[in-house]
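Hello,

Here is the structure I promised to pass on. Please open it first, then read my notes below.

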Amino acid sequence: MQIWKRNLWVCWFGMFMTGVGMSQIAPVLPLFIKELGIENASWISQLSGVAFGVTYIISAIFSPIWGRSADKYGRKPMLLRASLGMAIVIGCMGFAPNVYWLIGLKLLQGVITGYGTACTTLIATQTSKEHSGWALGTLSTANIAGSLLGPLIGGLIEEHFGMQNIFYITGSFMFIAFLTTLFFVKETFVRTEKKVPSFKEVWAQVPQPSLTITLFITYFVMSIATYSVQPVLTVFVDQIARNLGHVALISGAIFSASGLANIIAAPRLGKLSDKIGAHQIMLFTLIVAGILFIPQAFVHNPWELMALRFLLGLAAGGLNPSVNVLLKKITPSNLTGRVFGLNMSAAYLGVFGGSVLGGQIAGHFGVRYVFLVTGALLLMNAIWVYFKVYGKLQREKLLE
């Protein structure tokens, strides 16, 4: 097997487990906090929000730092640092004596993350132009699938093995990711510069800053759309289930439907982007995803919602790889790590912003409005992308 393909599959497994590790605690977090001695329901909700959100906020801050380190020291060392660090920190959460230790460990988890940034940078720099869309599309399914399936996996582990074993089992999987990275990922890294430039110097070298910012914002909006529904989905399913029972299991299945569709679609849409252009795939999937959010507000049973979430997953599968392919195309190779680090920061901020936005809209206007507002955001982003990305790249293509 070619080195870049082997690296791709090893990184896929590591990114999947990282996504699971970041999200698997979500469905059991309030229960675990209660088990740690907090009885007041309001206080449990507040601490759950802090514990869930702090990881992503800190990750947004540190992701560019680890991206810079990847450009300086190589991508494989960053993969090893992040996977081993995540294995230790997540495993230690099972030993947390109180909620404050848990929040501290979640904060530390945000500090040491960066596996996804290093993976994306490694695959983007090793893969040839004709395969980059397929490779980055395949890689993108790992983190998305891990994030969407993480809550379901966490719930299943808790039900069959106990709450603390969620952390021990996930930590063990992250350690396996560390070992596979150590023995199977190959990188020939040569530093092209002795002094690592500052952020200002890096940004001055970015050839198309306006286009780059547009791609960052698109990644941010995409993350908002993915996570705006997450904190309220179980509540919505409970409203439309009409005493079916097993609400948590049905909600997990609906999340899984979207993740499964993403796994199916992303490599294929990435491969298609290699043929017709990533900018066309990005615009098309933004429009389709925005439209598909709207009917979700009017469903009457969980199965209609599941079908629409599956279709949404098929459409959204083209967004992540399209952004990464375009970033790779317009970014010099010596800046790839830092630019992808900034892009990952936009994603983490979108996760936090989407969770907060969804909860606030549901609290003030009702859960159905979450779908309408999210769809409107995607469609507005599509209009902006049409003028800032699609039109610009189409003109450049015609001039070639």
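Start at Phe365. Phe365 is exposed, because its relative accessible area is 60% and the cut-off for exposed is over 50%. Keep in mind throughout that this is a predicted model.

**Aromatic residues**

A search of the whole structure finds eight aromatic pairs. Take Phe236 and Phe371 among them. Their ring centres are 5.2 Å apart and their planes meet at 50°, so this pair is tilted. The two residues come from distant parts of the chain, 135 residues apart. Phe236 belongs to helix H11 (residues 233–240), and Phe371 belongs to helix H17 (residues 368–399). Are these two residues buried or exposed? Both Phe236 and Phe371 are buried.

Now back to Phe365 and Tyr369. Their ring centres lie 6.3 Å apart, with the planes at 50°, so this pair is tilted. Tyr369 is partly exposed, with a relative accessible area of 46%. Phe365, as noted, is exposed at 60%.

Two further items involve tryptophan. Trp4, Trp9 and Trp134 form one aromatic cluster. At Trp66, the charged end of Arg81 sits over the ring, 3.5 Å from its centre.

Seven names to find here: Leu84, Ile88, Phe175, Leu179, Leu182, Phe183 and Phe184. Together they make a nonpolar patch of about 610 Å². Which helices each supply at least two of its residues? They are helix H4 (75–93) and helix H8 (164–184). H8 gives the largest share, five residues.

Phe184 is one of the patch residues, and it is found in helix H8. Phe184 is partly exposed, with a relative accessible area of 41%.

Helix H8 also holds Thr181. Thr181 is buried, with a relative accessible area of 0%. Thr181 and Pro77 are 104 residues apart in sequence. In space, their C-alpha atoms are 9.6 Å apart.

Helix H6 covers residues 115–126. At 1.5 Å a residue, its 12 residues should span 16 Å. The end C-alpha atoms are 16 Å apart, which agrees. How many of its residues are buried? The count is 10 of the 12, so H6 is largely enclosed by the rest of the structure. The buried residues are Tyr115, Gly116, Thr117, Ala118, Cys119, Thr120, Thr121, Leu122, Ile123 and Ala124.

Helix H15 covers residues 319–330 and has 12 residues. From its first C-alpha to its last, H15 reaches 17 Å. That is close to the 16 Å expected at 1.5 Å a residue. In H15, 10 of the 12 residues are buried, so this helix is largely enclosed by the rest of the structure. The buried residues of H15 include Leu319, Asn320, Pro321, Ser322 and Val323. Ile330 is also one of them.

**Residues separated along the chain**

- Ala297 lies in the loop between helix H13 (278–296) and helix H14 (302–316). Ala297 is buried, with a relative accessible area of 1%. Ala297 and Gly375 are 78 residues apart in sequence. C-alpha to C-alpha, they are 10.0 Å apart in space.
- Ser140 is in helix H7 (residues 129–161). Ser140 counts as buried, because its relative accessibility is 4% and the cut-off for buried is under 20%. Ser140 and Asn262 are 122 residues apart in sequence. In space the pair is 8.9 Å apart, C-alpha to C-alpha.
- Leu308 lies in helix H14. At 16% relative accessibility, Leu308 counts as buried. Ile254 is 54 residues from Leu308 along the chain. Their C-alpha atoms are separated by 9.5 Å.

**Where to look first**

Then find the buried pair Phe236 and Phe371. Finish with H6, where 10 of the 12 residues are buried.

Best wishes

Conventions: Residues numbered from 1 in each chain as written. Predicted model: local features only at pLDDT ≥ 70, side-chain atom pairs only at ≥ 80, totals over all residues. Heavy atoms only, no water. Patch = residues over 30% accessible without salt bridge, like charges linked within 9 Å, V, L, I, M, F, W, Y side chains within 5 Å. Areas by Shrake-Rupley, 256 points an atom, 1.4 Å probe, with all protein chains shown as cover. Salt bridge = Lys/Arg side-chain N within 4 Å of Asp/Glu carboxyl O. Helix = DSSP H or I, 4+ residues; strand = E, 2+ residues; numbered from the N terminus. Buried < 20%, exposed > 50% of the residue type's maximum accessible area, 1.4 Å probe, protein only. Phe/Tyr/Trp six-rings, centres within 6.5 Å; stacked < 30°, edge-to-face > 60°. Lys NZ or Arg CZ within 6 Å of the ring centre and 35° of its normal. Expected span 1.5 Å × (residues − 1).
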